[in-house]
Amino acid sequence: MNSSPPRSLTLIGAGLAGSLLAILLSRRGWKVTVYERRGDPRIKGYESGRSINLALAERGRHALRAAGAEEAVMERAVMMRGRMVHPPGAPAQLQRYGRDDSEVIWSIHRADLNITLLRLAEEAGATVHFHRRLHTVDFESNYARFIDDRDDQPHDIHFESLVGADGAGSALRAAMNRKSVLGERIEFLDHSYKELEIPPTPDGGFRIEANALHIWPRGRYMCIALPNAEGTFTVTLFLPNEGKPSFATTNSGAEAEALFAQDFPDALPLIPDLREDWEAHPPGLLGTLYLDRWYLGGRAVLLGDAAHAMVPFHGQGMNCAFEDCVALAEALDAHDDLACAYALFQTRRHANAYAIQQMALENYLEMRDRVDDPDFLLQRELEQA
Ligand code: FAD
């Protein structure tokens with residue numbers, strides 16, 4: 001019998017990747033401790049307070065299956081069998097993703113998903129500490145300092161190795177980069193986004209087709225809407241930062257309403273809180289993060305958005321982060337030496353992540369400018385025939 005104590009890993013971030021990785025590793029016998037900047041979403045509610053959703057594809061489902069989390073997550077997923085394209089002044093048209101419902105994607109609620117994965121991580125044996133924001137790391141003595149943002153108190157811990165699942169603005173990446181240059185490059189898009197909401201009908205139904213990803217393509221910009229199980233849709237408007245129209249020319253709720261009246265007249269009556277929502281939240285930035293190196297010997301490794309954040313137009317950031325989690329767990333199965341495991345992980349995932357980042361950038365052009373182009377549609381039909 002093997003009586004050696006379990007090896008330990010310290011995860012930074014209990015978001016989507018952090019909580020899935022915690023399940024995978026705990027089930028393999030690792031002692032997993034997770035530190036999360038925010039409060040426990042099961043107690044205080046999810047941070048944004050709004051229904052934000054994500055497109056889950058087979059890549060992501062495969063990873064959820066590997067963690068035994070698929071069934072729990074899919075309970076509240078809404079199937080999207082294609083793009084419902086809303087051209088200006090013409091009826092909406094469904095473009096299926098595949099020949100039938102065996103090739104579809106799913107809309108899932110970010111908060112529900114995170115809460116489900118957190119619960120499963122704790123059930124698998126992981127310990128999650130909330131209100132712990134990674135502040136600094138001493139890689140010489142393997143100490144990390146966390147701050148509790150409620151009282152600004154520091155909390156120091158000793159670690160064997162750190163895994164950064166702390167998102168696009170990763171504090172661990174910054175600490176690693178200070179120790180040894182990772183070759184970081186961030187390219188911001190000159191477009192940003194705002195999220196709005198279509199509420200359900202008075203009897204709790206969907207106001208537009210439920211089983212589709214809706215797109216209103218308008219050339220230089222576009223609006224999309226994904227369904228939520230409770231009958232709402234999360235609407236996201238992607239708009240340039242400069243020019244006309246842009247976020248620079250659309251500041252007030254009244255200006256946003258005028259933009260919708262002109263360019264998205266069929267969507268406007270569906271969004272009763274447009275003015276208030278527009279003024280309550282600043283536009284979100286979009287960018288692509290490239291790193292030459294994702295790890296620092298056996299002392300730290302990055303995954304998910306912390307390693308390769310991407311623009312959301314392929315709906316693959318989370319799916320790709322989930323694939324990372326499986327790949328890292330498998331690399332740790334293959335090598336006892338952490339530096340070797342992290343090197344193998346990077347070798348297996350770096351080129352894939354880069355390819356998805358490029359596809360995500362290309363898909364913006366397709367979604368906003370080509371999905372209602374007759375030549376594009378004919379080409380697509382020929383490809384599917
Ligand atoms: P995150 O989900 O960002 O989690 C990071 C966690 O780390 C958070 O809980 C955070 O609080 C915590 N944290 C941050 N800093 C610290 C710190 N210093 N100390 C401790 N904890 C910290 N992807 C899809 O697959 N499908 C989609 O449809 C999709 N749509 C998107 C739409 C938009 C508008 C955007 C912006 C992104 C979208 N994405 C989508 C991408 C997806 O949101 C990300 O790829 C995914 O959230 C990455 O997961 P993550 O765990 O790496 O990072």
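**View 1. The left-handed crossing of α3 and α10 in the predicted model**. Helix α3 (residues 58-66) packs against α10 at an angle of about 35°, the two axes lying 8 Å apart, and the crossing is left-handed, a term used if the near helix is turned anticlockwise from the far one by less than a right angle. Axes are lines fitted to C-alpha atoms, for helices over the stretch in contact, and angles run from 0 to 180 degrees between N-to-C directions; helices (H or I, at least four residues) and strands (E, at least two) are DSSP runs, numbered from the N terminus. From α3, Arg59, Gly60, Ala63, Leu64 and Ala66 meet Met318, Asn319, Phe322, Glu323, Cys325 and Val326 of α10, contact being counted if the C-beta atoms, placed from the backbone, lie within 7 Å. Residues are numbered from 1 along each chain as its sequence is written. As the model is predicted, local features need pLDDT of at least 70 and side-chain atom pairs count only at pLDDT 80 or more, whereas totals for chains, interfaces and linings use all residues.

**View 2. The shell around the ligand**. Of the 32 residues around the ligand, Gly13, Gly15, Gly167, Gly304 and Gly317 come nearest, a residue being near if its C-beta atom, placed from the backbone, lies within 6 Å of the molecule. Two or more residues each are given by α1 (16-27), β3, β9 (133-138), α9 (305-308) and α10 (317-334), and α10 gives the most, with four residues.

**View 3. The open sheet β3-β7-β4**. Three strands in this order form an open sheet with antiparallel pairing, two strands being paired if DSSP finds at least two bridges between them. Because β3 and β4 (78-80) stand at the edges with a single partner strand each, one side of each is left without a neighbour in the sheet. The twist averages 35° from one strand to the next. Four bridges join β3 to β7 (residues 105-109) in the antiparallel sense, and Leu56 has Trp106 in β7 as its bridge partner. Helix α5 (residues 110-123) lies across β3 and β7, running at about 80° to β7.

**View 4. The contact of domain 1 with domain 2**. The domain assignment, automatic or from a database, gives domain 1 (8-77 + 108-187 + 288-370) and domain 2 (190-280), and 29 Å separate their centres, taken over C-alpha atoms. Domain 1 brings 10 residues to the contact and domain 2 brings 16 residues. On the side of domain 1 that touches domain 2, β3 (53-56) and α11 (338-370) each supply at least two residues, the largest share, three residues, coming from α11.

Definitions and conventions. Contact = placed C-beta atoms within 7 Å.
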